[in-house]
Amino acid sequence: MKLGQTLLLIFGCFTLGTVAFASAPTNLDREFWVTIGQDAALQVEKSFGFKYASNEKIEFTNGITVMKVRESEMDQISHVMHDKFHRCGGFIGHDSLDEALEWANNDSERFSAKTMNFTDYSINQGDNVRAMMTELSATNITNTIQRLATFKNRYYKSQTGQDSQKLVKETWETLVQGRTDAKVEFFRHTGWPQPSVILTLAGSERPQDIIVLGGHGDSISGYFGDRSANHAPGADDNASGIATLTEVVRVLMTSSYRPKHTIKFMAYAAEEVGLWGSKEVAQQAKRENQNIIGVMQLDMTNYKGSSDLDIVLMSDFTNAEQNAFMGRLIDEYVKVPWGQDRCGYACSDHASWHGQGFPASMPFEARMNEMNRRIHTPQDTIDLSGNNAQHALKFAKLGVAFAVELDN
Ligand code: BES
Ligand code: ZN
């Protein structure tokens with residue numbers, strides 16, 4: 001790379017200093033420009049006591065700041081970004097002011113503080129994750145699925161749909177007993193009686209950053225009118241997802257895991273009638289400006305419909321970067337074949353989060369055209385999965401890996 005040549009570098013944790021200025025004369029403390037989020041720019045200035053070398057910056061209404069900096073200051077900026085924002089990179093270096101302005105002005109959609117994904121997707125908690133993974137029990141998942149499937153239904157309007165959510169709340173409360181950093185609450189909805197359930201594990205270092213693992217707690221059977229009296233065991237859809245989440249919670253607790261970021265587990269109400277519960281939860285998060293750094297949706301985890309694939313990442317209504325991270329987590333920890341598919345519509349609660357601009361993923365049990373055909377019928381029972389939860393166990397492993405790696 002020659003000096004003077006147009007230079008566009010996205011500074012990441014691993015590229016700084018190695019790629020950036022390989023052929024620049026070492027005695028030259030070159031000046032250049034960075035585009036950076038306004039919030040981050042302020043922290044960077046603070047870290048220099050507002051006396052960084054050039055002291056020149058231009059602010060834009062779209063939340064972008066262009067700052068003139070020296071090459072020798074880059075390490076410190078990188079450090080601030082990582083330390084204060086948990087971002088690997090998150091600022092872009094430009095060779096000329098013109099180029100920086102062009103980015104800040106013309107590319108505000110791509111480079112807006114809102115849409116740019118600064119999340120650190122590095123994988124470095126191997127020992128921790130592997131130790132917890134070995135504690136996961138398929139038998140526990142089986143038992144929870146069976147217990148949830150004994151309700152006549154978990155329909156959003158029926159009494160049993162409220163009772164089943166009460167059971168989820170009590171189960172999670174038992175698991176977090178004695179932890180002063182944990183609470184389990186109902187999220188009540190105004191339009192229907194079934195509440196969502198939210199377990200919050202408060203972060204010890206960055207409680208304002210929130211990781212969400214969720215699935216829907218309701219079930220349904222039949223296609224018309226009030227289905228309060230129908231038999232809807234929903235063993236796969238979605239007792240399997242709730243049971244998988246429950247086992248992840250259990251292992252985090254028995255491992256005495258204390259998260260740095262806040263981790264929330266959610267059992268949404270009223271998914272089967274239009275993603276209603278998750279929609280209200282995600283809307284509130286957006287309204288309150290909550291910093292949701294990642295969402296994992298577990299909806300149907302225990303029916304192995306595809307013989308050659310174990311986990312299918314839905315690529316629509318989800319975040320591509322986070323999905324790539326999921327793929328790496330599967331390779332690293334779950335070690336099963338995975339692929340991608342599309343629902344083709346807003347098929348589950350991940351779409352509610354995605355719709356509010358939060359990064360969501362939906363690891364699913366099979367390819368779309370090989371899915372469990374008995375969902376939404378009285379035949380959605382666990383014997384379709386051989387009365388065991390070996391398939392769901394893979395998703396529990398992925399859940400542990402996602403929570404712990406995103407937390408670090
Ligand atoms: N678990 C299903 C979604 C699903 C089914 C995903 C098959 C992939 C393959 C979910 O509970 C559901 O039934 N969703 C509704 C959508 C909603 C907007 C009413 C559906 O698919 O009809
Ligand atoms: Zn369903």
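Where does Asn-387 lie? Asn-387 sits in the loop between β14 and α11; helices (H or I, at least four residues) and strands (E, at least two) are DSSP runs, numbered from the N terminus.

1. Basis. This is a predicted model: local features need pLDDT of at least 70, side-chain atom pairs count only at pLDDT 80 or more, and totals for chains, interfaces and linings use all residues. Residues are numbered from 1 along each chain as its sequence is written, chains are lettered from A and ligands numbered from 1 in the order in which they are written, and side-chain values use heavy atoms, with hydrogens and water left out.

2. Phi of Asn-387 is near 55°, a positive value in a residue other than glycine. Asn-387 is partly exposed at 45% relative accessibility (buried is under 20% relative accessible area, exposed over 50%, partly exposed in between; 1.4 Å probe, protein chains only). Leu-275 also has a positive phi, near 60°. Leu-275 is in the loop between β9 (261-268) and α8 (276-287). Its relative accessible area is 11%, so Leu-275 counts as buried.

3. Zinc site. Asp-237 (OD), Glu-272 (OE), Glu-272 (OE) and His-376 (NE2) coordinate the zinc ion (ligand 2) at 2.0 to 2.3 Å. Donors are N, O and S atoms within 2.8 Å of the metal (3.2 Å for Na, K and Ca); water is not among the atoms, so sites may look incomplete. The donor residues follow the spacing D-x34-E-x103-H. Asp-237, in helix α7 (residues 235-254), and His-376, in the loop between β14 (363-364) and α11 (390-406), are 139 residues apart. Asp-237 is buried at 5% relative accessibility. His-376 is partly exposed at 22%.

4. Cis peptide. Asp-237 and Asn-238 are joined by a cis peptide bond, with omega about 5°. Asn-238 is in helix α7.

5. Ligand 1. Glu-271, Glu-272, Asp-299, Tyr-345 and His-376 come nearest among the 17 residues around ligand 1 (a heavy atom within 4 Å). A polar side-chain atom of Glu-271 is 2.8 Å from an oxygen atom of ligand 1. For a side-chain N or O atom of Tyr-345, the distance to an oxygen atom of ligand 1 is 2.6 Å. A polar backbone atom of Cys-347 lies 2.9 Å from a nitrogen atom of ligand 1. Taken alone, ligand 1 exposes 510 Å², and the protein buries 83% of that (Shrake-Rupley method, 1.4 Å probe).

6. Arg-179. Arg-179 is in the loop between α6 (159-175) and β6 (182-187). Arg-179 is buried, with a relative accessible area of 10%. A polar atom of its side chain lies 2.8 Å from the backbone oxygen of Tyr-257.

Technical notes
Polar contact = N/O pair within 3.5 Å; in protein donor to acceptor, adjacent residues only side chain to side chain.
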